[in-house]
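Please keep the sequence and the structure in view while reading.

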Amino acid sequence: LLDVRSVGEFETEHIEGAVNINVNELISRLDEVPRDETILVYCRSGSRSVTASNILVDAGYTDVYNMLGGINKWKAAGYPYVSGSAS
């Protein structure tokens, strides 16, 4: 589960178990994303996660999924999430 929003957005709210790597840093931090696992990418509304998913696919990742609607749609559907600072 990969959250590609900013650190501030992530600390405000995120899906439990997500790893936060800002989409703008993803290319330089690919070594932090496991290649042998399914990767579900999300952001706030689904647009940055499309960019991030394309970066992963272009880098050779094969099991990548984009969460349509991002965390906004996730919350609207009533799914659980972590609110407040993760520290």
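**Overall plan and sheet**

Followed along its sequence, the protein shows the pattern β-α-β-β-β-α-β-α-β. The radius of gyration is 12 Å, close to the 12 Å that the globule rule gives for 87 residues, so the protein is as compact as a globular protein of that length. The model is a predicted one. In total, the protein contains three helices and six strands. Its C-alpha trace extends over about 35 × 25 × 20 Å along the principal axes.

Several totals describe how the chain is packed. Of the 87 residues, 36% count as buried, where buried means under 20% relative accessible area. Among contacts between residues at least 6 apart in sequence, 61% join residues at least 24 apart. The accessible surface of the protein comes to about 5000 Å², and carbon and sulfur atoms account for 51% of this surface. As for charge, the protein carries 7 positive and 12 negative side chains. The centres of these two sets lie 9 Å apart.

The strands may now be considered together. In what order do the four strands of the open sheet stand? The order is β3-β1-β4-β5, and the pairing is parallel. The edges of the sheet are formed by β3 (19-20) and β5 (64-66). Each of these edge strands has a single partner strand, so one side of each is left without a neighbour in the sheet. As a general point, strands of a sheet pair through backbone hydrogen bonds, either parallel or antiparallel.

Strand β1, made up of residues 2-3, pairs with β3 in the parallel sense over two bridges. Within this pairing, L2 stands opposite V19 in β3. Strand β1 is also joined by two bridges to strand β4, residues 39-42, and these strands run parallel. Here the bridge partner of D3 is Y42 in β4.

Over how many bridges do β4 and β5 pair? They pair over three bridges, in the parallel sense.

Notes. Residues numbered from 1 in each chain as written. Predicted model: local features only at pLDDT ≥ 70, side-chain atom pairs only at ≥ 80, totals over all residues. Heavy atoms only, no water. Rg over C-alpha atoms; globule rule 2.2 N^0.38 Å. Buried < 20%, exposed > 50% of the residue type's maximum accessible area, 1.4 Å probe, protein only. Contact = heavy atoms within 4.5 Å. Areas by Shrake-Rupley, 256 points an atom, 1.4 Å probe, with all protein chains shown as cover. Lys, Arg positive; Asp, Glu negative; His and termini not counted. Charge placed at Lys NZ, Arg CZ, Asp CG, Glu CD. Pairing = 2+ DSSP bridges.
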